Amino acid sequence: MAGAAFYDLEGTLVSTNLIHTLSFYAARQQGLMTRLKKSAATFLSLPLLAVTDQHRRKGFNDLYFSRYKRQSKDRLPSFAQDPFNELIEKSRKLGLRQVVITGALDLSVKPLMKHLGITEYVTNRLEFVNGMATGRLLPPVMAAATKASWIRTYTEREGISLSDSYAYTDSMSDLPMLSIVGHPAVVNPDMRLRQTALHHDWPILNLK
């Protein structure tokens, strides 16, 4: 059975994170006052987002994606950052299938996946009503244990060996995803994830 390489996206393959992306969208709204209001609201929400992210990923998702409420679908541009190609090239040489599993939005991820040459990926998706975002996500919500569950289902369906698979992430919330593969690795980790990786003797990659 062949293995696969599962990647988180933001902070792992690209240098942005979800907050950078939200700020990017807020600064590109139509009309000066709308841009100022969206940017100010994003800035003021940062402390609460940071605290929520440390303690409860679902709460973070609910709060974070509510910031997209009433944004028009055609005003959500894609982001483009320089990818960390070393990870992809090395795992391709090992013959691993390339799979991105991310909490970022499909609207942002699709063009980036085309650029990276990755055809298999799963993302979060905003709910839209009459072309306007409601601030809610369509299920399944890609975060924490849901990512691990998705990987298990995917590998069973595709006949892929979990013990021969790799996972890469920068986020402590992705610990379930790291724990189910045979070859976990952390990328540009914060202190908590670094300590966890050291405890389990997982590789630590610093690509910044």
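The model is predicted. The protein holds eight helices and seven strands. Of its 208 residues, 45% are buried.

**Overall picture**

- Take the contacts with a separation of 6 or more: 60% of them join residues 24 or more positions apart.
- The exposed surface comes to about 10800 Å². Carbon and sulfur atoms supply 54% of that area.

**Nonpolar cores**

- The largest nonpolar core has 21 residues. Within it, Phe6 and Ile151 touch the most other members.
- At least two residues of this core come from each of strand S1 (4-7), strand S2 (97-105), helix H6 (145-158), H7 and H8.
- H6 gives the largest share, three residues.
- Beyond its neighbours within four places in sequence, Phe6 contacts Val99, Trp150, Ile151, Tyr154, Thr155, Ser165, Tyr166, Ala167, Tyr168, Met177 and Val181.
- Another core, of 18 residues, lies apart from the largest one. Its members include Ala5, Leu9, Ala104 and Leu112.

**Helix H8**

- H8 spans residues 191-200, and Leu193, Thr196 and Ala197 are buried there.
- These three residues sit on the same side of H8, because they cover an arc of only 100 degrees around the axis.
- An α-helix has 3.6 residues a turn, so residues three or four places apart point the same way.
- The other side of H8 carries exposed residues: Met191, Leu198 and His199.
- Asp190 caps the N-terminal end of H8. One of its side-chain oxygens lies 3.3 Å from the backbone nitrogen of Arg192.
- Just after H8, Asp201 has a positive phi of about 60 degrees.

- Pro184 counts as buried because its relative accessibility is 8%, and the cut-off for buried is under 20%.
- Tyr166 is 18 residues from Pro184 in sequence. In space, the C-alpha atoms of the two residues are 5.5 Å apart.
- Leaving out residues up to four places away in sequence, Pro184 touches Ala167, Leu178, Trp202 and Pro203.

Definitions and conventions. Residues numbered from 1 in each chain as written. Predicted model: local features only at pLDDT ≥ 70, side-chain atom pairs only at ≥ 80, totals over all residues. Heavy atoms only, no water. Helix = DSSP H or I, 4+ residues; strand = E, 2+ residues; numbered from the N terminus. Buried < 20%, exposed > 50% of the residue type's maximum accessible area, 1.4 Å probe, protein only. Contact = heavy atoms within 4.5 Å. Areas by Shrake-Rupley, 256 points an atom, 1.4 Å probe, with all protein chains shown as cover. Arc of directions from axis to C-beta. Polar contact = N/O pair within 3.5 Å; in protein donor to acceptor, adjacent residues only side chain to side chain. Core = buried A, V, L, I, M, F, W, Y, C linked by side-chain atoms within 4.5 Å.
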